[in-house]
Amino acid sequence: MRTLKLGLALGAGGTKGAAHVGVMRVLEDAGLRAEVVAGTSVGSLYGGAYAVGRTPREMEEGIRSCPSGDVVAFFRHRLKIRHNNRLARRFYDALAGHYIESLPVRYAAVASDIVQRRAYTITRGPIIDAIEASIAIPMIARPVWHQGRYLLDGGFWDAAPVDAAVDLGADVVVAVELARPVTLPARMREPATWFATRFGGIGLRRTFAGLPFTLGASAMEVQAGRTANVVLRPRIPRLTGNSPARMVACLEAGIEAAQEALPAIQALLAGESVVEVAGEIGAAPQLRADPGLAG
């Protein structure tokens, strides 16, 4: 009988991304190692560290011991892994020299092509370059020139990159959603599109280029991608969760969500039907099963 491949789809969410580490730690402690990881924005960062061989326990220790000031410095230095601040150096030491196509785990980072205004999935090349593009928050980081494209943060298209995980060969996909893509109200889309077009000629290497891209992307009707077999939405306060001072709380919210979902994930990997598993997890609002990915 074929062994089913576990895939993780790790979404955007800024410092709330510590929840991803909590989820991975619970799965790893249960003996469930992901063979596929697709991440967008902060999900690409923690997912990339996992893909190169860093253990969730190591990442958890780093989060619990990381001063808030180190996180602030990382943002102040435009989210560059190749920068001389303490948090950037830690990520650099973990990721330097690794190429995506040579990793022991199949990996993809999802970024945004700011010219074509669409998602761009990176599945080859230096992992640091891919992650720096995927985490480049508009108006904080400059667009990243990579693989012939100007790229920014990938969190504009799906709450978690499930399509990328499936395309990499995952049989059972666990998605961790921390935020929904921003979509402007209908009445604001036309003026936003006008502004994005009017100022779209700004030098693409400039930080300000992120503004017309953000307005244009937020005004688009985005086609929803696949739904994961299991979707986790850790219980993180909407207004106070995204703070450097709350990373440990987010980590623990990820642990809690994964522990609740663990029996369902184990059952799916054992080949049980989605209908049976959905009955087990139906009472938990942060989980859902999608029959479209079963079998």
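## Overall build

Helices (H or I, at least four residues) and strands (E, at least two) are DSSP runs, numbered from the N terminus. By that count, the protein has eleven helices and eight strands. This is a predicted model, in which local features need pLDDT of at least 70 and side-chain atom pairs count only at pLDDT 80 or more, while totals for chains, interfaces and linings use all residues. Residues are numbered from 1 along each chain as its sequence is written, and side-chain values use heavy atoms, with hydrogens and water left out.

Of the 295 residues in the protein, 53% are buried. Here buried means under 20% relative accessible area, exposed means over 50%, and partly exposed is in between (1.4 Å probe, protein chains only). A contact means heavy atoms within 4.5 Å. Among contacts with a separation of 6 or more, 74% are between residues 24 or more positions apart.

## The nonpolar cores

A nonpolar core is a set of buried Ala, Val, Leu, Ile, Met, Phe, Trp, Tyr and Cys residues joined through side-chain atoms within 4.5 Å. Which residues have the most contacts inside the largest one? They are Tyr46, Leu95, Tyr107 and Ile265, in a core of 75 residues. Helix H10 (residues 247-269) gives the most to this core, with eleven residues.

## Val21 and Glu60

Val21 is found in helix H1 (residues 18-29). Its relative accessible area is 0%, so Val21 counts as buried. Setting aside neighbours within four places in sequence, Val21 is in contact with Tyr46, Pro56, Met59, Glu60, Ile63 and Leu251. Val21 and Gly254 are 233 residues apart in sequence, yet their C-alpha atoms are 7.2 Å apart in space.

One of those partners, Glu60, lies in helix H3 (residues 56-65). Is Glu60 buried or exposed? Glu60 counts as buried because its relative accessibility is 7%. The side chains of Glu60 and Arg25 are joined by a polar contact of 3.3 Å. A polar contact is a pair of N or O atoms within 3.5 Å; within protein, one must be able to donate a hydrogen and the other to accept it, and residues adjacent in sequence count only if both atoms are side-chain atoms. Not counting residues up to four places away in sequence, Glu60 touches Val21, Arg25, Leu251 and Ile255.

## Aromatic rings

Rings of Phe, Tyr and Trp (its six-membered ring) pair if their centres lie within 6.5 Å; planes under 30 degrees apart count as stacked, over 60 as edge-to-face and the rest as tilted. The whole structure holds four aromatic pairs. One of them, Tyr46 with Phe91, is edge-to-face, at 6.4 Å centre to centre and 65° between the planes. Tyr46 lies in helix H2 (residues 42-51) and Phe91 in helix H5 (residues 86-95), so this pair ties together parts that are 45 residues apart in sequence. Tyr46 is buried at 9% relative accessibility, and Phe91 is buried at 12%. The rings of Phe156 and Trp157 have centres 6.3 Å apart and planes at 50°, so they form a tilted pair.

Tyr46, Phe74 and Phe91 form one aromatic cluster. Elsewhere, the charged end of Arg33 sits over the ring of Tyr50, 4.5 Å from its centre. That description applies if NZ of Lys or CZ of Arg is within 6 Å of the ring centre and within 35 degrees of the ring normal.

## A loop residue and the cysteines

Val222 is in the loop between helix H9 (210-218) and strand E8 (230-232). Val222 is partly exposed, with a relative accessible area of 34%. Not counting residues up to four places away in sequence, Val222 touches Phe156 and Trp157.

How many disulfides does the structure hold? There are zero, a disulfide being a pair of cysteine sulfur atoms within 2.5 Å. Cys66 is buried at 16% relative accessibility, and Cys250 is buried at 2%.
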